[in-house]
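Grab a pencil and have a look at the model below. Then try each exercise yourself before reading its solution.

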Amino acid sequence: MKILMTTIGRMDRYESIEYLMDEEGTNSWKGKVAGIAACKIIGGFDKILVFYTSETEQWIEEYRKICLDNELPNPVFKKIPSGNDSREQMQVVDTVIDSVLEITHGVESAFLTIDITPGYRLLPLLYFAGVSFLTSFHKSTLEKVIYSEVNRKEKTGTIRDVTSSFEVIEWYHAALTFAKTDNVEGLLALVERRRDELRLAGEDFKDIDNIRKGLCGLSGYSTAALPLELGIRSYSVKKLLDSVKESPSSLPLFKHLFDAVREIVNNCTIDFATKKVSIPLTLDEIKRQKYIIQRALDHGHITNALTMLRETFLNAALLEFNPANWLSRQSFRQVVTQRLGALARRSTDSYLAKNLSMQEIQIGKLWDQLTQARNKVAHCGYSNDTIDINDLNSKAFEILQGLEKLDFSNIWISQDSGCKLLVSPLGRSKGALFSALRHISPDSVLVLTSRETSPTLKEVLRNAGFPFEKSKREELDNPYTGFDERQTISTKWREFLSAHQEVFVNVVGGTTLMGEIARTIGREAIGLGIPTTVFACVDSRDYESQQREPYVVGEYVEIERWPDSIGAEEDEENHD
């Protein structure tokens, strides 16, 4: 449906004028009313929507008669206040919106032309406000804004197309939307519309197309939790926007409207990066990621912010651990994740936190807060708890600010500072524990025994030259089938484990269950972020020889090590 929106002015002051559409127009109409002239000259209107005030109500019927005499649609008249104060001005806007919605009910789309010639000077601004709503939230399109310029001396009038006056508002709101929400779709749609107009007119549209390509590069990425991809895209966008040295004639406000876009792009860009693999992990990269997170929080994108905040937190720790090949070596990322998880677990438990430094406690507590906040969102569909988005947003802000103050330089436990623990079974074969003690030379030992083997513990320790008072014992009630005790026993020794800086786990020398419990305790140590090595002491002699002469050092066979083995395995893979 094609609609003309106009206003009745004081028709007693109108004169008969010869109207043309632009200065080169060929069609003309002679009469008193500019709006009717526009109807006749432009043509094709299905509805004429006429607004009037108390002061101009007396000319309604005269206006109607002129329309019908000129074979135009019967006008729809709507009364509006004069707009003398803010309340009346809002009423005008509401009336404009309601009137268009009323006459287009059931219509698939509406195409609007606004005649801003008659009426009070403020009415065009109010009409623009109403039409802005209609074009944003209703299936309405603004086709034209027209203004009739009258030469009363020569009694001629020129109907000028001033649609650009409204388009400036559209461009402003699209740029503002991007600046406030990172959504680039509005700007992209306007640029594409202008490019298509230039193409149809046979005019040069290269600069406009470069702008379009730049915005296409941002589309989707600016509102997604993809900081690296956004950085690469922003670099391409920056180059395209920089190629437009001056404002294109078809975008006279380009410089001003795109200032916000340029600033955001410049802060997001990863200079000279065309592939993720070439992005170095540096302090500047961490800073860039924090900027993107801050924008996401400012715009209320809490889910995206928490997702990126977790990755940036990891990156900050990884920068101290091993920044080389930070994207290709996911195993290093796994190590950092486990270490941060261990610090979170220990820092929130007064007993487990005893052996942590203050900075380790701060890092652990902040990681724990981040994990809980992220899990609240990720698992909200499986919980009875109601999320307060404002509280969650405030918490994310606090975590981001806290991240700025963290020092990750010394969170990796030194393996050279002693406090080494050996965990080992003691079965009927005394040699396995003996060999483990000789190979590891621990500061303390936790021995898994049974009622049958407990009495031999002192003997083995004495032969290995290890002080009995530095040993701990876990005696199993059922050393063969008590597999359900594994986690209970492991949890029991958690605080004891946390006092050590390195754990070695021997998995042979006892029953199958003893070996499994030893492994479970090793996993508990890893969960606490303690470097842990799992190994076996192998005696290749026959059984009779082992029983006759048990105190012979067997072969040390490493099975796995955390975290060192992860990086070592990957190095081997890379050398193949």
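Predicted model: local features only at pLDDT ≥ 70, side-chain atom pairs only at ≥ 80, totals over all residues.

**Exercise 1.** In what order do the eight strands of the open sheet lie, and which strands stand at the edges?

*Solution.* 
- Start with the order: the open sheet reads 3-2-8-7-6-1-4-5, with mixed pairing.
- Now check the ends: strand 3 (28-31) and strand 5 (76-79) each have a single partner strand, so one side of each has no neighbour in the sheet.
- Last, the twist: from one strand to the next, it averages 25 degrees.

**Exercise 2.** Work out in which sense strand 8 pairs with strand 2 and with strand 7.

*Solution.* 
- Take strand 2 (residues 17-21) and strand 8 (residues 156-161): they are parallel, with four bridges. Here leucine 20 sits opposite threonine 158.
- Move on to strand 7 (residues 140-151): strand 7 and strand 8 run antiparallel and share six bridges. In this pair, tyrosine 147 faces arginine 160.
- Look at the turn, too: the hairpin of strand 7 and strand 8 has four residues between the strands, and lysine 155 takes a positive phi near 55 degrees.

**Exercise 3.** Is glutamine 289 buried or exposed?

*Solution.* 
- Find the residue: glutamine 289 belongs to helix 11 (residues 283-298).
- Apply the cut-off: buried means under 20% relative accessible area. Glutamine 289 has 2% relative accessibility, so it counts as buried.
- See what glutamine 289 touches: leaving out residues up to four places away in sequence, its contacts are Pro227, Leu228, Thr312, Asn315 and Trp326.

Definitions and conventions: Residues numbered from 1 in each chain as written. Heavy atoms only, no water. Pairing = 2+ DSSP bridges. Helix = DSSP H or I, 4+ residues; strand = E, 2+ residues; numbered from the N terminus. Buried < 20%, exposed > 50% of the residue type's maximum accessible area, 1.4 Å probe, protein only. Contact = heavy atoms within 4.5 Å. Axes fitted to C-alpha atoms, helices over the stretch in contact; angles between N-to-C directions.
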